[in-house]
Amino acid sequence: MASEKVEVILDALKCQGYGLCLGADDVFELDSVANIAHLKQRFVDISRKDEFEQLVRDCPAAAISLRVLQE
Ligand code: SF4
């Protein structure tokens, strides 16, 4: 049976460095020089979909999007 995972997509051109995504600091880190978020990992377990949908809504710059992938 196919399982799903969530791909986290960060648009570094939109990111304004607000840092609200750092609640998930296993996935996001902030470059303190450029003040732009980076992804530490691109894929998270499907069980975290709600958590990341909230981060998408909370990002003031609309820099985060998600894609659900079949494994
Ligand atoms: S919340 Fe959005 S704007 Fe702020 S650091 Fe994260 S990705 Fe960038």
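What follows is a set of questions and answers about the model shown above.

Q: What kind of model is this, and how are the residues numbered?
A: This is a predicted model, in which local features need pLDDT of at least 70, side-chain atom pairs count only at pLDDT 80 or more, and totals for chains, interfaces and linings use all residues. Residues are numbered from 1 along each chain as its sequence is written.

Q: What makes up the protein chain in terms of helices and strands?
A: The protein chain has one helix and five strands. Starting at the N terminus, the order is β-β-β-β-α-β. Helices (H or I, at least four residues) and strands (E, at least two) are DSSP runs, numbered from the N terminus.

Q: Why does the radius of gyration of the protein chain agree with a compact globule?
A: The rule is 2.2 Å times the number of residues to the power 0.38, and the radius is taken over C-alpha atoms. For 71 residues a compact globule would have a value near 11 Å, and the protein chain has 12 Å, so the two agree. Along its principal axes, the C-alpha trace spans about 45 × 20 × 20 Å.

Q: Why is V8 called buried?
A: A residue is buried if 20 or more other C-beta atoms lie within 10 Å of its own, exposed if 12 or fewer, and partly exposed in between, with C-beta atoms placed from the backbone. V8 has 22 other C-beta atoms within 10 Å, so V8 is buried. Of the 71 residues of the protein chain, 14% count as buried.

Q: Where is V8, and which residues is V8 in contact with, leaving aside its neighbours within four places in sequence?
A: V8 sits in strand β1 (residues 4–10). With those neighbours set aside, the contacts of V8 are V27, L39, R42, V44, F52, I64 and L66. Two residues are in contact if their C-beta atoms, placed from the backbone, lie within 7 Å.

Q: What makes up the largest nonpolar core?
A: The largest nonpolar core has ten residues: V6, V8, C15, C21, V27, F28, A37, C59, A63 and I64. Such a core is a set of buried Ala, Val, Leu, Ile, Met, Phe, Trp, Tyr and Cys residues joined through C-beta atoms within 7 Å. One of the ten, A63, is in contact with L10, D11, K14 and C15, leaving aside its neighbours within four places in sequence.

Q: Which strand does β1 join over three bridges?
A: That strand is β4 (residues 43–45), and β1 and β4 run antiparallel. In β4, K5 has D45 as its bridge partner.

Q: What joins β2 to β3?
A: Four bridges do, and these strands run antiparallel. E29 has H38 as its bridge partner in β3. The hairpin of β2 and β3 has four residues between the strands.

Q: Why is N35 called exposed?
A: N35 has 12 other C-beta atoms within 10 Å, so N35 counts as exposed. N35 lies in the loop between β2 (28–31) and β3 (36–39). Its phi is near 55 degrees, a positive value in a residue other than glycine. Most residues other than glycine have a negative phi.

Q: What makes A62 count as exposed?
A: A62 has 11 C-beta neighbours inside 10 Å, so A62 counts as exposed. A62 is in the loop between α1 (49–58) and β5 (64–70), and its phi is near 50 degrees, a positive value in a residue other than glycine.

Q: How many residues surround the ligand, and which are the closest?
A: There are 16, and the closest are C15, Y18, C21, C59 and A61. A residue is near a molecule if its C-beta atom, placed from the backbone, lies within 6 Å of it.

Q: How do the residues of the shell around the ligand divide?
A: They divide into 13 nonpolar, three polar and no charged. Ala, Val, Leu, Ile, Met, Phe, Trp, Tyr, Cys and Pro count as nonpolar, Asp, Glu, Lys and Arg as charged, and the others, Gly among them, as polar.

Note on methods:
Pairing = 2+ DSSP bridges.
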